[in-house]
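Reader: Could you take me closely through the sheet and the helices that pack against it, strand by strand?

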Amino acid sequence: MNELSLYILDLVQNSIEAGATFVKIEIVEDLENDIFLISIEDNGRGIPKELINEVTNPFYTTRKTRKVGLGLALASQLAKDCNGKLIIDSSENGTKVKIKLQHSHIDRPPIGNIVDTLLLLVCGTPDVDFVYVHRIDKKEFVFDTNKLKSALGEGVPLNLPSVQEFIKEELSRGLSNLFGGANFND
């Protein structure tokens, strides 16, 4: 995977497969301390304690469709390659996966197309509530689907084309402001 947004997509798919109805995606860019942190937290069924050490093994998977599970293995390797670490905390009430990287490390992939990744997750799984938090030092952008659903009212699905367009514009505008005007639509 050559973009961090693809790691996020893979980890959130794990959350959804674990039955999560809530997923918090948090990115913290601490420039002063040279840290890039990705955190995915869910309320899914969690990972049994006896399997925690197995989930970063590329030849371990609970899937029946193939015999490899590369997402967490690749995330673990990325963390090692970028002077960081992968941390997994899990219980029967959910799982929190953190990928901590050296922000300035030459091998740290770019964030990639985070707007389309989030749009795909939000509109592809409208029954899941998502909170996306992105911080760069003291600046912060927060996107919360539960608040959006409340504002839209009952009966207005998030995957309605006009709502999708609004979500994309909101994500693009929020991230653009966070990054000082960079274009996130492309």
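Author: Strand E2 (residues 35–42) and strand E4 (residues 94–102) run antiparallel and are joined by seven bridges; two strands are taken as paired if DSSP finds at least two bridges between them, and strands (E, at least two residues) and helices (H or I, at least four residues) are DSSP runs numbered from the N terminus. This is a predicted model, in which local features need pLDDT of at least 70 and side-chain atom pairs count only at pLDDT 80 or more, while totals for chains, interfaces and linings use all residues. Residues are numbered from 1 along each chain as its sequence is written, and side-chain values use heavy atoms, with hydrogens and water left out.

E1 and E2 form a hairpin with four residues between them, and in its turn Asp 34 has a positive phi of about 55°.

These pairings belong to an open sheet of six strands with mixed pairing, in the order E3-E4-E2-E1-E5-E6. Strand E3 (85–91) and strand E6 (139–144) are the edge strands, each pairing on one side only. On average, neighbouring strands of this sheet are turned by 10° against each other, direction ignored; axes here are lines fitted to C-alpha atoms, for helices over the stretch in contact, and angles run from 0 to 180 degrees between N-to-C directions.

Turning to the helices, H1 (residues 4–17) lies across strand E1 (22–30), E2, E4 and strand E5 (129–136), and runs at about 20° to E2. Helix H5 (residues 161–178) packs on the sheet, where it touches E5 and E6 and makes about 170° with the direction of E6; contact means heavy atoms within 4.5 Å.

H5 also meets helix H3 (residues 114–124), their axes coming within 10 Å and crossing at roughly 145°. In this contact, residues of H3 including Ile 114, Leu 118 and Val 122 meet residues of H5, among them Ile 167, Leu 171 and Leu 175. The residues of the contact of H3 with H5 divide into nine nonpolar, two polar and two charged, where Ala, Val, Leu, Ile, Met, Phe, Trp, Tyr, Cys and Pro count as nonpolar, Asp, Glu, Lys and Arg as charged, and the others, Gly among them, as polar.
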